[in-house]
Amino acid sequence: MKVYKKPLPEPTPWSKPFWEGCKKHELLIQKCQDCREFIFYPKMFCPSCLSSNIGWVRAKGRGKVYSYMAVHSYQPTGFEDDIPYVVAIIELEEGIRMMSNIVECPPEKVKCDMEVEVVFKDVTEKITLPNFRPIST
Amino acid sequence: MANFKGKVAIVGIGEVPTGKFPNRLCLLNALESCRQAILDSGIKKDEIDTIIPTGTFFNRRYNTDMVFAKIVEELGLLGKAKNNFQVFAGGSSSSTMLKTACGLITAGIAKTILCVQSDKTGSAPVQEMIDLFATFGIPEEWETPYGFFMGGCGSLFATRYMHETGTTHEQIASVVVSMRKWAALNPNAMLRRELSVDEVLASKLVATNLTSREGNVLADGGAAFILTTAERAKDLRNPPVYPLGFGSRVCHYGISQDRDLTRLRFPEAAKEAYEMAGIAPNDVDIAEIYDGYPIFPLITLEGLGICQRGEAGAFVYEGNTWPGGKLPMTTNGGMLGQGHTAAGGGVAILVEAVRQLMGKAGERQVNGAKIAVETSMGGTFMDSHVVVLGRVLT
């Protein structure tokens, strides 16, 4: 694996299951066992009811692009070789939103509300990032 | 009736030119702004009992100078000032400092308050600022790894807004045209050359629906304003400017977690501020709207009820917000024209609202302006603030 130059997430005790899931190519999200709300990003307690009775469930890994930006210039350090790259906010079928990259799609083909599915990118030995690609119809 | 109405007034303003001044200390810009505000108000400096500096988090030394009692010492107020503490919320520090000061004066805890801002983001290396803005105010675990950065922030908002409303990129770019027209009349502005929509669109593409001319330019600058009791204001030289209403909501920390990037929370914030002030949208003479990127004035004009949903783009494109237009907007040129001095971008807009209501805006004076709204947003546009200011009590 070549040297990875981009910023990496630093898992916390309460986000560790998410990153361990990604490692196994599974998209895990939290669900409050009391009020049944889905929670993302991972939190210490449920922001809806403050319960700490939180479980992890496997998300379907499908959703829609809420908004996106194809970055062409003035990018942060480490992303020089990627431009143009697409940063997007994905709304998962479970109703939660997450930021990610759209891959396997030319930047000019990305559209709001486009249906996407998760695909995993093993970027280092420790970290795997969830990305999204268009659902082929 | 809100308790502060008719009890508090803004009585003086100060501002140094915005630009790139590598040799001018951050503290010096703060002090010069303070001195100007004191002289402008005509108040005796020893009457100032509370100093509220806002923050700068790009350089520890700048912030150390701003937070601790350095300003109190330089103004010769040691042993006289009762309080010196920071109020900081990024770009919305303007509205936040103002409401904090109003509360303190209304409660009788302070009588005369000096609020001050200074920063030097224009003198730092560009890549260093881009990288800093890819982490500050952005969830480093959930957004930074994907290459999101504040400099491209306007793109995510514009793209969704265009999708939902049918607004064109030309219409969004016309906000920059409006800002530059006002900046051309503002001696403290950094970007005083007028631009056409075509020039804005032809500049370097930063990200989807966002060109480099639609990005604010980081700069050095400083501004200050003084509040005191309405009673004390009667004997001072400037016409008092009264805070009449406040409304606000916090929308998100991580931009990915916001429920509606096309409205944020301006509709709720505006309703609250108008009700407190007892005014309606058509009472507004000037809209001093926080920009940062050209998409935000459009979202804000609609949230303020000045334009219907999806109509703000055409409203600006047709010239209604320009000098001489139906609704003068962001008359100092905003961050797209005057320059972006971090928290100061918002403070400059607040100071401009006061300047206009005092009738001291020179070439860009809007004659007869009595009611102004000032808006602000901090971080990745994390909060929506609306303030109503008046030359008269409503």
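How many Å separate the centres of domain 1 of chain A and domain 2 of chain A? Taken over C-alpha atoms, the figure is 21 Å. This is a predicted model: local features need pLDDT of at least 70, side-chain atom pairs count only at pLDDT 80 or more, and totals for chains, interfaces and linings use all residues. Residues are numbered from 1 along each chain as its sequence is written, while chains are lettered from A and ligands numbered from 1 in the order in which they are written.

**Domains of chain A**

- Chain A is assigned domain 1 (11-58) and domain 2 (61-137), with bounds from an automatic or database domain assignment.
- Eight residues of domain 1 of chain A touch 11 residues of domain 2 of chain A; contact here is C-beta atoms, placed from the backbone, within 7 Å.
- On the domain 1 side, helix H1 (residues 16-23) of chain A gives the most, with three residues.
- Helices (H or I, at least four residues) and strands (E, at least two) are DSSP runs, numbered from the N terminus.

**The sheet in chain B**

- Four strands make an open sheet in chain B, in the order E8-E11-E10-E9 and with mixed pairing; to pair, two strands need at least two DSSP bridges between them.
- Strand E8 (242-250) and strand E9 (286-288) of chain B sit at the edges, each pairing on one side only.
- E8(B) and strand E11 (residues 383-390) of chain B run antiparallel, joined by eight bridges.
- Tyr242(B) has Gly390(B) as its bridge partner in E11(B).

How values were computed:
Contact = placed C-beta atoms within 7 Å.
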